[in-house]
Amino acid sequence: MSIQNQQTKLTIGLFGFGVVGASLYEVLAQTPTLNAVIKKVCIRNPEKSRNAPLSLFTTSKDEVLNDGQVDVIVELTNDPVAAYTIVTTALRSSKAVVSANKKMIAEHLEELIALQKEYGVPLLYEAACCASIPVIRNLEEYYDNDLLHSISGIVNGSTNYILTKIAEDRKSFAQALAEAQAAGFAETDPALDVEGIDAVNKLSILLAHAYGTIAHPATLLHAGIANLHEADTTFAKEKGYQVKLVAQARKLTDGSIAAFVLPQFVEAGSRLREVKNEYNGVEIESSLADKQFFYGKGAGGFPTASAVLSDLSALRYNYSYEYKKLNYGEPALLSPDFYLRVCISFRNLLQVPHEQFARVEEWVSNDRRCHITGIIHCSKLSDSNWWKQPDISVILYPDGIFETFVQKEQSVEALVEV
Ligand code: HSE
């Protein structure tokens, strides 16, 4: 369906009335100039009290999907399985769709791109990555794949909130997580946040728009913050670092891409260090523009609703993602062939196959924890599970990605930085 211009009233069928759905409703109700109305909201639990007229709600998804007056389906549920059915049915009915469901989008991106093409309708999802920061549209429209060296950043607000509260306010992990949940930043299942799954889902979406690379998130190397130990905060502090959860994609010399999500030591003075609480920050490095930094609220009702609103407004101009890097260029391949300088934090030496390091640089232990610093090939992590045990954490050092590692005679090593 084409939604022609600013004058045309936009009739929305909304799925989900949680933190983001309710915020969108509030903003639309208070801003008549937007000329967009929510006709019906499909919810799962009709018993729950909600700050909107009862007549707005239904539990029948078909009532909303089959309504001929509805131009656009806005999918803001917390259920990726239901979201998949809603979004694919809507696209097949030639309805434009706006979704914030990063898990569903990342896991089905190839099919969702094909459906948009087949039925000639757009699916927009700016709210799925970094909430209020317009990173997807910028990657899609502004940066050429050839010129884009890297994209790296903090893309999950909840884990950043937790790490900030632990490092700066000495709160416990459990306390900080409870606060992130109460503020509406965390996923319904917070394991998605703290295990790095939400961040890798977002990385997978960013890869498609940055480099035309379609990668199922489960195939990307990722870890969250759940396994970090209190002693890691102290270790980081002693070295002048703070730990952040960072997603990154970096172009190697042959044009392939190194992409992963890992906790990372961040130095004082670095831009990412200043990204605190639920804020997100993404640094994009390109040949001509050098480094650019995007910063803003990465979670929460209104920041996420602002991205949904922007997508709704883009629909009026018949905007759709062209997937330029995928359709008009040579999509970049992912590479597992690079080295990382990491710190492995653990308690029991038997858990760590230290012979897998290309080089061990430092070994520090006390009665609580051991920390090994060294260079390890990415495949030693991506092809094995030893580092995923609850008692082990892996933390990347700043500038810790290398294309090659040459072990020379007399143990003189050369590292070639990316
Ligand atoms: N749980 C997500 C986060 C919500 O904390 O970033 C926004 O995508």
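**Helix packing and strand pairing**

Colleague: Hi! Is the crossing of α1 and α12 left-handed or right-handed?

Modeller: The crossing of α1 and α12 is right-handed. Keep in mind that this is a predicted model.

Colleague: Thanks. At what angle do the axes of those two helices cross?

Modeller: At roughly 60 degrees, and the axes of α1 (residues 19–30) and α12 (residues 301–316) come within 8 Å.

Colleague: Which residues make the contact?

Modeller: From α1 there are Val19, Val20, Ser23, Leu24, Glu26, Val27 and Leu28, and α12 brings Gly301, Phe302, Thr304, Ala305, Val308, Leu309 and Leu312. By class, that contact has ten nonpolar, three polar and one charged residues.

Colleague: Which strands does α12 lie across?

Modeller: α12 lies across β1, β2 (36–42), β4, β5 and β6, and runs at about 160 degrees to β5.

Colleague: Let's turn to that sheet, then. What is the strand order?

Modeller: The order is β3-β2-β1-β4-β5-β6, in an open sheet of six strands with parallel pairing. β3 (57–58) and β6 (123–124) are the edge strands, each pairing on one side only.

Colleague: How many bridges join β5 to β6?

Modeller: Two bridges join β5 (residues 96–99) to β6. Val97 has Leu123 of β6 as its bridge partner.

Colleague: And where does α3 lie?

Modeller: α3 lies across β1 (10–15), β4 (72–75), β5 and β6, at about 165 degrees to β4. α3 (residues 80–92) also packs with α5, at an angle of about 20 degrees and with the axes 9 Å apart. Those two helices are therefore roughly parallel to each other.

Colleague: Which residues meet there?

Modeller: Tyr84, Val87, Thr88, Leu91 and Arg92 of α3 make the contact with Glu111, Leu112, Leu115, Gln116 and Tyr119 of α5. They divide into six nonpolar, two polar and two charged.

Colleague: New topic: how many residues of β13 are buried?

Modeller: Seven of the eight residues in β13 (residues 339–346) are buried, so the strand is largely enclosed by the rest of the structure.

Colleague: In what sense do β13 and β15 pair?

Modeller: In the antiparallel sense, over eight bridges, with β15 covering residues 370–377. Val342 has Gly374 of β15 as its bridge partner.

Notes. Residues numbered from 1 in each chain as written. Predicted model: local features only at pLDDT ≥ 70, side-chain atom pairs only at ≥ 80, totals over all residues. Heavy atoms only, no water. Buried < 20%, exposed > 50% of the residue type's maximum accessible area, 1.4 Å probe, protein only. Helix = DSSP H or I, 4+ residues; strand = E, 2+ residues; numbered from the N terminus. Pairing = 2+ DSSP bridges. Axes fitted to C-alpha atoms, helices over the stretch in contact; angles between N-to-C directions. Left-handed = near helix turned anticlockwise from the far one by under 90°. Contact = heavy atoms within 4.5 Å. Nonpolar A, V, L, I, M, F, W, Y, C, P; charged D, E, K, R; others polar. Parallel < 35°, antiparallel > 145°, perpendicular 65-115°, else oblique.
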